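Dear colleague,

Please find the structure below, together with its sequence.

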Amino acid sequence: MGNLLKAAKEYRRLGISAIATDDNKRAVTQWKQYEQAIATDEQFTGMFGRVNASGIATLCGPVSGNMEAIDVDCKYDLTGSLFADFIQEITDADAELVKKLVIVKTKSNGYHLIYRCAEIEGNKKLASRHTTPEEKAVNPHEKVKVLIETRGRSGYIIATPTEGYSFSQNHIRDIAEITPAQRRIIFEIARSFNQVVGEYHNHEYTESKPFQKSPFADYNERGDVVSLLVDHGWKIVKERGPKTVMLRPGETTS
C-alpha cells in the first residue's frame, strides 16, 4: 500500500487523477467521481487500503489536464516490430514530437505514449488486425485484435509503480503538451497500421441493380485517391507497401 499511496499523492501533485486497481486492471471501487475531481487523502487511503488493491491507474481527460494516451498492444503484434515501426514513422514525420512523449513499457511488453493536448476525445480504436485461425479456434466469436487504441475521456491506463510497468522515455513529471496538429500526425500514422476495414455484405436485392459492381468498388479500381489528395494540398509523409501516410493541408511536420 505504501508505495502506491505515495505515488497516488505524487500524481495528484502533478495534476493527475489516480485510482487503485486489482490484478486484473479493474478499479477496486467506483471511480467515475474521480473524473470530476482528484481524490483526497482520505479517499486515497480508503482505495489503497483495500485487500485487492495491487496497482494504480491514472485517469485521462480534463481532470488530468487533458491527458491522453496511445496504447500500443504488442502482444497481438504478429510482425514483432509494431512499436519500433510506429515510433520510427512518427520520428520521420516530426522528430521533436517523439521527444515530448512520455513512454511507459507495460507488463505485457506493450507501450503507453502519454501527452497532454488542447484537443482530446474519448477512447478510440486506431489500428486492428483480423484474428488468426488459431485465435478463432480458442474464441470463434472474436473477429479482430486491437493493436493501437487511445485512452482519453472516460478512460484510464495502468501506471507505475504497478508491477511490470516502467518509464522507457521521460517521466510523468515531464509530461508535455503537444499541438492538435501533432496529435493528428500520431493518429494518422497509427491508422496506417490498421488491417481491418468495414465489411460489405452482399444481399440478394443487389442483383437487381443495373450495375455489376458498386460505385465504391469501381472507383477503388480506377481512381487515384493519393493524386487527388495531393492536388488538394495534402502531403505524403510516408509510404509503406500499399499504404500511404498523408498530412492534411496547412499542417507541417515541424
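**Aromatic pairs**

The count of aromatic pairs comes to four, where rings of Phe, Tyr and Trp (its six-membered ring) pair if their centres lie within 6.5 Å, with planes under 30 degrees apart counted as stacked, over 60 as edge-to-face and the rest as tilted. One of them joins F44 and F48, a tilted pair with 6.1 Å from centre to centre and 50° between the planes.

Please note that this is a predicted model, in which local features need pLDDT of at least 70 and side-chain atom pairs count only at pLDDT 80 or more, while totals for chains, interfaces and linings use all residues. Residues are numbered from 1 along each chain as its sequence is written, and side-chain values use heavy atoms, with hydrogens and water left out.

Why are F44 and F48 separated by about one helical turn? They are four residues apart in helix α2 (residues 41–48); helices (H or I, at least four residues) and strands (E, at least two) are DSSP runs, numbered from the N terminus. F44 is buried, with a relative accessible area of 0%, and F48 is buried at 2%. Here buried means under 20% relative accessible area, exposed over 50%, and partly exposed in between (1.4 Å probe, protein chains only).

The rings of F83 and Y111 have centres 3.7 Å apart and planes at 10°, so this pair is stacked. It links distant parts of the chain, as F83 lies in helix α3 (residues 82–93) and Y111 in strand β5 (residues 111–117), 28 residues apart. F83 is buried at 16% relative accessible area, and Y111 is buried at 15%.

**Helices α1 and α2**

The axes of helix α1 (residues 2–13) and α2 come within 10 Å and cross at roughly 145°. Axes are lines fitted to C-alpha atoms, for helices over the stretch in contact, and angles run from 0 to 180 degrees between N-to-C directions. In the contact (heavy atoms within 4.5 Å), L4, L5, A8, K9 and R12 of α1 meet D41, F44, T45 and F48 of α2.

**Backbone features in loops**

The peptide bond from T160 to P161 is cis, with omega near 10°, and P161 lies in the loop between β8 (156–159) and β9 (166–169). S154, a residue other than glycine, has a positive phi near 65°; S154 is in the loop between β7 (144–151) and β8 and is partly exposed at 42% relative accessibility.

Yours sincerely
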